[in-house]
Amino acid sequence: MTIDFLLENISVNKSFGGWHKQYSHQSKTLNCTMRFAIYLPPQVTSGDKVPVLYWLSGLTCSDENFMQKAAAQRVAAELGIAIVAPDTSPRGEDVADDEGYDLGQGAGFYVNATQAPWNRHYHMYDYVVNELPQIIEETFPVSDKRAISGHSMGGHGALTIAMQNPERYCSMSAFSPICNPMNAPWGQKAFFTYLGKDKANWHHHDASELMRRATQFIPAKVDQGGNDDFLTEQLKPESLIAAASISNYPLDLRVHDGYDHSYYFISSFIEEHLRFHSEHLKK
């Protein structure tokens, strides 16, 4: 049985000469049906295999937010980059959930949960690092050249996943990431629930901790809105800057006055991020 057969195509839309497609599939890693979106640029019609940017979205989002709001397809089509956007968590009637928007379905935090009942389904780290790229690379005309980016909770995921797997990614970037989740309410709630009370198990999923101890470097770009309501309490970019200064990490982090946490901010700077990734994907 091929992976193609296991994928169910939900929608197809032509965009800037390429194609935006949605698929669902049964995930062995997450033990549920998952959905992802992929943008295939026009270069694939000539038989070229193109590199892939994986996009991880934030709290309450799905695969649809970035594809519909970020205005990324035009530049991706020019540069010949595919974009893959998975959902933000496992979903389904039998999947554990919480009444809060910042935990449970829509809030997987890109970790492998070790605590019941979450450990039955919540293995977003393994899904993003292993299962999803295998499906993408065996099904679509893409290469194994990968970059990763994300927003907020997804920015946290992009940075931590890339730094834990430097051999798998050419570059990493983030918009408004949760930079120091061990010391932020969102991160503390999620880590305690998914990973347990032993904070020694939290360090591997904290971008500032990983960057401070890093010995292998991936080009990193981070943009943060200066008028972000979550800036001080939840996001803490100053922690990432301090960590980079300790390890001499090649981090380009900019704070933009007047911008908030929304897709208005993301769409304003997504072209710069795509060109940044394209430079490193083509090396």
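## A tour that starts at the pocket

Welcome! The largest pocket has a volume of about 250 Å³, and the model you are looking at is a predicted one.

**Stop 1: the pocket.** Select L59, T60, C61, H151 and H261, the residues that lie nearest the centre of the largest pocket. They belong to a lining of 15 residues. Now colour helix 2 (64–69) and helix 10 (263–281), the elements that each give two or more residues to this lining.

**Stop 2: P51.** Next, select strand 4 (residues 50–56) and pick out P51 within it. Is P51 buried or exposed? Its relative accessible area is 15%, so P51 counts as buried, the cut-off being under 20%. To see what surrounds P51, show G80, I81, A82, S143, K145 and L281, which P51 touches when residues up to four places away in sequence are left out. Then draw a distance from P51 to I83: the two are 32 residues apart along the chain, and their C-alpha atoms are separated by 8.7 Å.

**Stop 3: the whole protein.** Zoom out and switch to a cartoon view to find ten helices and nine strands. The C-alpha trace spans about 50 × 40 × 35 Å along its principal axes. A compact globule with 283 residues would have a radius of gyration near 19 Å, and the 18 Å of this protein agrees with that. Of the 283 residues, 61% count as buried. Among contacts with a separation of 6 or more, 72% come from residues 24 or more positions apart.

Technical notes. Residues are numbered from 1 along each chain as its sequence is written. This is a predicted model: local features need pLDDT of at least 70, side-chain atom pairs count only at pLDDT 80 or more; totals for chains, interfaces and linings use all residues. Side-chain values use heavy atoms; hydrogens and water are left out. On a 1 Å grid over the protein atoms alone, a cavity is a set of points where a 1.4 Å probe fits but cannot get out, and a pocket is an open set with protein on both sides within 12 Å along at least five of seven lines; lining residues have an atom within 4 Å of a point. Grid points are joined across faces, edges and corners, and a volume is the space filled by probe spheres set on the points. Helices (H or I, at least four residues) and strands (E, at least two) are DSSP runs, numbered from the N terminus. Buried means under 20% relative accessible area, exposed over 50%, partly exposed in between (1.4 Å probe, protein chains only). Contact means heavy atoms within 4.5 Å. The radius of gyration is taken over C-alpha atoms; the globule rule is 2.2 Å times the number of residues to the power 0.38.
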